[in-house]
Amino acid sequence: MAGGGIAGMAASLAATRAGWHATVFERAPVFSEVGAGVQLGPNVTRILQAWGLSDALQQVAAFPSGLHARSLTTGEVLATLPLTDAVQTYGAPYVTIHRADLHGLLLQAAAHAGVQVHSDAVVQRAHLSPDAVQLEVMQHGQLQHHTGAAAVAADGVWSPLRQQLLGDGLPNFTGHIAYRALVAQQALPAHLRSHDVQVWMGSQAHVVCYPVRGGEYLNVVCLAEGRLLDDEAHNLQALQTWNAQKSEAQTLAELHHALRGACAPLADLMAACSDWRLWPLCGRPAMQGAHQHAQGRMALVGDAAHPMLPYLAQGAGMAIEDAAELALQLRQATAADVPQRLQQFAQARWQRNARVQARAVRNGQIFHATGPMRVGRDMGLRLMGAKLMDVPWLYGYQRS
Ligand SMILES: Cc1cc2nc3c(=O)[nH]c(=O)nc-3n(C[C@H](O)[C@H](O)[C@H](O)COP(=O)(O)OP(=O)(O)OC[C@H]3O[C@@H](n4cnc5c(N)ncnc54)[C@H](O)[C@@H]3O)c2cc1C
């Protein structure tokens with residue numbers, strides 16, 4: 001397994017549960033996740049439950065009761081999707097969780113299941129043959145070779161293994177930037193605290209906030225369409241940074257511009273946050289075929305295979321679904337079966353991932369609508385409410 005993020009830890013845990021020995025190589029010196037939240041729909045928590053992680057989730061996640069779509073300028077709640085209904089409708093809860101907590105519970109479960117994890121281990125190349133796959137790994141500065149029946153590239157949006165396997169170049173900067181902050185609810189005045197998911201939709205920007213760490217903190221993210229300065233847009237290193245920080249003054253000026261006209265409570269919430277981190281969003285077009293998910297003895301999972309805009313809140317979710325499918329296909333397989341089983345995995349996954357990628361782009365257009373489209377959106381939400389916000393084909397998905 002190349003990469004020990006959410007995709008790598010989920011896939012190694014799932015493969016081990018399916019009876020395989022898994023080894024994870026992570027290039028970072030320590031296994032960790034950067035600080036921000038993720039939402040997990042019932043399609044994802046259903047899998048975590050099946051992996052025996054309900055109790056662990058209960059301890060660290062928050063369980064919001066609703067998702068409120070609001071106007072950024074007036075603050076009006078245009079529609080609410082009741083999230084507590086998820087258990088009844090889809091058989092599993094809708095949760096919000098700090099990424100480090102999700103990563104931590106996967107890592108702990110994987111280690112407990114017998115997954116071997118190596119940090120400071122950079123996977124440089126994969127050599128595929130009909131009978132085996134060999135990874136070249138730079139471990140603590142020394143080149144090592146590891147041979148196995150299958151290799152999984154879970155090395156993120158900039159995946160070097162994808163570039164080796166598919167040769168389809170680097171991802172593109174989408175022109176969208178995420179600004180994120182974490183604030184203790186206790187530090188906020190009562191009217192700004194929230195235990196629900198709130199989405200304020202503006203022009204070419206929106207803000208989403210939700211509780212994490214059992215509700216102790218509020219994760220606040222502003223997603224804005226904008227242009228990085230030309231030199232930043234062409235600076236690969238700047239684009240690859242997940243945790244970039246500009247000067248406070250510059251960040252606040254950019255946020256102020258993106259959220260001009262924001263209603264008072266939202267402006268107050270933004271003002272109450274500090275230590276903003278930037279995340280330039282890079283991506284690829286939606287998947288076009290099974291060949292982008294697996295070839296021979298190598299499979300791609302998570303952002304390496306299908307990076308997506310976060311407007312459907314499903315990137316980590318699709319990585320976890322990939323892992324569950326991989327395990328389903330690898331169960332009771334022999335080493336000789338691996339290429340065919342990975343093909344079946346790819347066939348089972350690529351269209352769903354492509355659909356989610358495309359829907360995320362569309363959601364962005366809806367969230368950031370301007371002019372008549374915005375008026376229509378608001379009217380539709382007022383009239384149809386939850387019906388417009390629910391996504392049964394996404395949340396109701398089940399395999400196994
Ligand atoms: C603002 C924002 C909000 C989001 N919100 C949500 C949400 O609400 N819900 C949701 O489901 N998803 C959300 N996502 C998406 C989600 O964060 C990603 O889809 C998910 O983290 C991808 O995980 P990954 O393991 O595939 O990639 P990564 O997290 O990028 O992990 C890749 C790992 O591989 C390692 N690596 C890279 N190269 C090598 C190498 N050569 N050798 C060894 N290791 C290597 C890296 O160090 C890293 O640890 C959001 C994303 C953003 C930007």
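This is a predicted model: local features need pLDDT of at least 70, side-chain atom pairs count only at pLDDT 80 or more; totals for chains, interfaces and linings use all residues.
Residues are numbered from 1 along each chain as its sequence is written, and side-chain values use heavy atoms, with hydrogens and water left out.

**Figure 1. Overall fold of the chain.** The chain contains 15 helices and 17 strands (DSSP runs, H or I of at least four residues for helices and E of at least two for strands, numbered from the N terminus). Its radius of gyration is 21 Å, which agrees with the value near 21 Å for a compact globule of 400 residues (taken over C-alpha atoms; the globule rule is 2.2 Å times the number of residues to the power 0.38). Along the principal axes, the C-alpha atoms fill a box of roughly 60 × 50 × 40 Å. Of the 400 residues, 53% count as buried (under 20% relative accessible area, with exposed over 50% and partly exposed in between; 1.4 Å probe, protein chains only). Among contacts between residues at least 6 apart in sequence, 74% join residues at least 24 apart (contact means heavy atoms within 4.5 Å).

**Figure 2. The nonpolar cores and I320.** The largest nonpolar core has 66 residues, of which L48, W51, L102, L106 and I320 touch the most other members (a core is a set of buried Ala, Val, Leu, Ile, Met, Phe, Trp, Tyr and Cys residues joined through side-chain atoms within 4.5 Å). A second, separate core of 34 residues includes A79, A86, L281 and M389. Residues up to four places away in sequence aside, I320 touches I6, A10, V44, I47, L48, W51 and L102.

**Figure 3. Helix α2 and the residue that follows.** Helix α2 spans residues 42-50 and is mostly covered, with seven of its nine residues buried. The buried residues are P42, N43, V44, T45, R46, I47 and L48. After α2 comes G52, which has a positive phi near 80°.

Figure 4. With a relative accessibility of 1%, C209 counts as buried. Apart from neighbours within four places in sequence, C209 is in contact with D196, V197, Q198, W200, L218, N219, V220 and L269. L192 lies 17 residues from C209 in sequence, and the C-alpha atoms of the two are 11 Å apart in space.

**Figure 5. Two loop residues with positive phi.** Most residues other than glycine have a negative phi. Q204, which is not a glycine, has a positive phi of about 55°. Q204 sits in the loop between β12 (197-201) and β13 (205-212) and is partly exposed, at 41% relative accessibility. D275, also not a glycine, has a positive phi of about 55°. The loop that holds D275 runs between α10 (264-272) and β15 (277-283), and D275 is partly exposed, with a relative accessible area of 41%.

**Figure 6. The setting of A286.** A286 lies in the loop between β15 and β16 (294-295). Its relative accessibility of 29% makes A286 partly exposed. Neighbours within four places in sequence aside, A286 is in contact with A354 and Q357. A286 and V361 are 75 residues apart in sequence, with a C-alpha to C-alpha distance of 9.6 Å.
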